[in-house]
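Dear colleague,

I would be grateful if you would read the two together.

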Amino acid sequence: MSRTRTPVVAGWFTEDSTDEDFRLLGTRCSRCRTVFFPREDRFCRNPGCRGGEMAEVPLSRRGTVWSFTDGRYRPPPPYVSDPDVPWEPCTLIAVELAAERMVVLGQAAPGVGVADLAVGMTVEVVPGVLGEAAGGEGPRATWNWRPVPAAPAAAPDGDAA
């Protein structure tokens, strides 16, 4: 029997989706067309806009690595974590979504470290897990970024290398 995955923050990504259809969810202002993530449902945060209706929009699945770092220590408060559980280092990636004109931060997928990343490389968003929910309710669902394999280079005669 599989346990229910509880989203870390409800409404920030599609739930119960496969890798191929998993998306982060933002909102777009109907007046100025600015896209926001995390989502904003009440008002337009663009200081040059008088506001408009906010509509949910799926964000691009792929983006380029803008920056990355190796998180080797437990962050200080207000970060919440169980001090009795050993800290597990993680790789954090800032990804530029060109179509939305924004940078989104997230953890790298399991097994992806700083040695696997380079600024400018293409990554894609996939479902992830961030520990267990309180009370043993199952894993907390989130998103991760993973590198997109490079397409094989074409040989001089046009065949793939």
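With a relative accessibility of 48%, E56 counts as partly exposed (buried means under 20% relative accessible area, exposed over 50%, and partly exposed in between, with a 1.4 Å probe and protein chains only). Please note that this is a predicted model, in which local features need pLDDT of at least 70 and side-chain atom pairs count only at pLDDT 80 or more, while totals for chains, interfaces and linings use all residues. Residues are numbered from 1 along each chain as its sequence is written, and side-chain values use heavy atoms, with hydrogens and water left out.

E56 forms a salt bridge with R39, at 2.7 Å from N to O (a salt bridge is a side-chain nitrogen of Lys or Arg within 4 Å of a carboxyl oxygen of Asp or Glu). E56 lies in strand β4 (residues 54–58) and R39 in the loop between β3 (35–36) and β4, so the pair ties together parts that are 17 residues apart in sequence (strands are DSSP runs of E, at least two residues, numbered from the N terminus). R39 is buried, its relative accessible area being 18%.

The whole structure holds nine salt bridges. Another of them joins D19 to R146, with 3.1 Å between the closest N and O atoms. Because D19 sits in the loop between β1 (6–7) and β2 (25–29) and R146 in strand β9 (residues 139–147), this pair ties together parts that are 127 residues apart in sequence. D19 is partly exposed at 28% relative accessible area, and R146 is likewise partly exposed at 27%.

R62 and E124 also form a salt bridge, their closest N and O atoms being 3.6 Å apart. R62 belongs to strand β5 (residues 62–71) and E124 to strand β8 (residues 122–132), so parts 62 residues apart in sequence are tied together by the pair. E124 is buried at 8% relative accessibility, whereas R62 is partly exposed at 44%. A network of salt bridges links D19, R61, R62, E124 and R146.

With kind regards

Note on methods. Helices (H or I, at least four residues) and strands (E, at least two) are DSSP runs, numbered from the N terminus.
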